[in-house]
Amino acid sequence: MDFHALLRVAHITGFAAWFGTIFASLFLLKTLQPGLTGEKKQAEEYSLLLRRFIKLETKVADAAVILVILSGLLLAHFHAGWTPWVFAKIGLVLAQIALTIGYIIKAIQPIAYPCEPSRYTAWYRLFTISFSMFGIILIVTFFLR
Ligand code: HEM
């Protein structure tokens, strides 16, 4: 068994799963938007669905983040070496995690449904933060290292 190939498979699969959960969340939030910004009864129903989804999603996303980081560290240790780009990636991943958790606590968790459509845009700002950080990390991985 090629250990290097195995680590790369784990790293890419973890990344794909993490990235995929964010896209799935974006589509769900877009789908639920009319209900969550509309009439009270429906907003209550939809926010229950949203909470159920987030519970499942965070399980997969948390496992995927751990897999990406562990496999990335092992790849650096056994194959790529501890180059400045590896440290840049570690810094960026930590920044991404801190920024998203910080923004969720500050702007997402306080939202009560139904909410104003202008308040709901906080969700889209959260996705913009996540996708921008993914973009930067992918640029570092493929074009700068
Ligand atoms: C602690 C965090 C991370 C570390 C230490 C790390 C480290 C590494 C290393 C050393 C490689 C080179 C593997 C090789 O050439 O055999 C690699 C490849 C790769 N990493 Fe990461 N990584 C981390 C996070 C991420 C994240 C968050 C993403 C996604 C946004 C990512 C996407 C990739 C991709 C797509 C490759 C494959 C590049 C290729 O096949 O040429 N990594 N990573």
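Visitor: Which residues does Ala 61 touch, not counting residues up to four places away in sequence?

Guide: This is a predicted model, in which local features need pLDDT of at least 70 and side-chain atom pairs count only at pLDDT 80 or more, while totals for chains, interfaces and linings use all residues. Residues are numbered from 1 along each chain as its sequence is written. Two residues are in contact if their C-beta atoms, placed from the backbone, lie within 7 Å. On that criterion, and leaving out residues up to four places away in sequence, the residues touched by Ala 61 are Trp 18 and Thr 21.

Visitor: Is Ala 61 buried, exposed or partly exposed?

Guide: A residue is buried if 20 or more other C-beta atoms, placed from the backbone, lie within 10 Å of its own C-beta atom, exposed if 12 or fewer do, and partly exposed in between. Ala 61 has 19 other C-beta atoms within 10 Å, and therefore counts as partly exposed.

Visitor: Which helix holds Ala 61, and in what order do the elements of the protein chain run?

Guide: Helices are DSSP runs of H or I with at least four residues, strands are runs of E with at least two, and both are numbered from the N terminus. Ala 61 is found in helix H2, and the protein chain has four helices and zero strands. From the N terminus on, the order of the elements is α-α-α-α.

Visitor: Which residues form the largest nonpolar core?

Guide: A nonpolar core is a set of buried Ala, Val, Leu, Ile, Met, Phe, Trp, Tyr and Cys residues joined through C-beta atoms within 7 Å. The largest such core has five residues, namely Leu 32, Leu 36, Ala 43, Tyr 46 and Tyr 113. The elements giving two or more residues to this core are H1 and H2. One member, Tyr 46, touches Gly 35 as well as Leu 32, Leu 36 and Tyr 113, when residues up to four places away in sequence are not counted.

Visitor: Are H3 and H4 roughly parallel or roughly antiparallel?

Guide: Axes are lines fitted to C-alpha atoms, for helices over the stretch in contact, and angles between N-to-C directions run from 0 to 180 degrees. Angles under 35 degrees count as roughly parallel, over 145 as roughly antiparallel, 65 to 115 as roughly perpendicular and the rest as oblique. H3 and H4 pack at about 180 degrees, with their axes 10 Å apart. H3 is therefore, relative to H4, roughly antiparallel.

Visitor: How do the residues of the contact of H3 with H4 divide into nonpolar, polar and charged?

Guide: Ala, Val, Leu, Ile, Met, Phe, Trp, Tyr, Cys and Pro count as nonpolar, Asp, Glu, Lys and Arg as charged, and the others, Gly among them, as polar. The contact includes Trp 85, Lys 89 and Gln 96 of H3, and Trp 123, Ser 130 and Ile 137 of H4. Its residues divide into 18 nonpolar, four polar and one charged.

Visitor: Which helix supplies the largest share of the shell around the ligand?

Guide: A residue is near a molecule if its C-beta atom, placed from the backbone, lies within 6 Å of it. Of the 20 residues around the ligand, Gly 72, Leu 75, Ala 76, Ala 80 and Ile 137 come nearest. Helices H1 (3-36), H2 (40-80), H3 (84-108) and H4 (117-144) each supply at least two residues of this shell. The largest share, eight residues, comes from H2.
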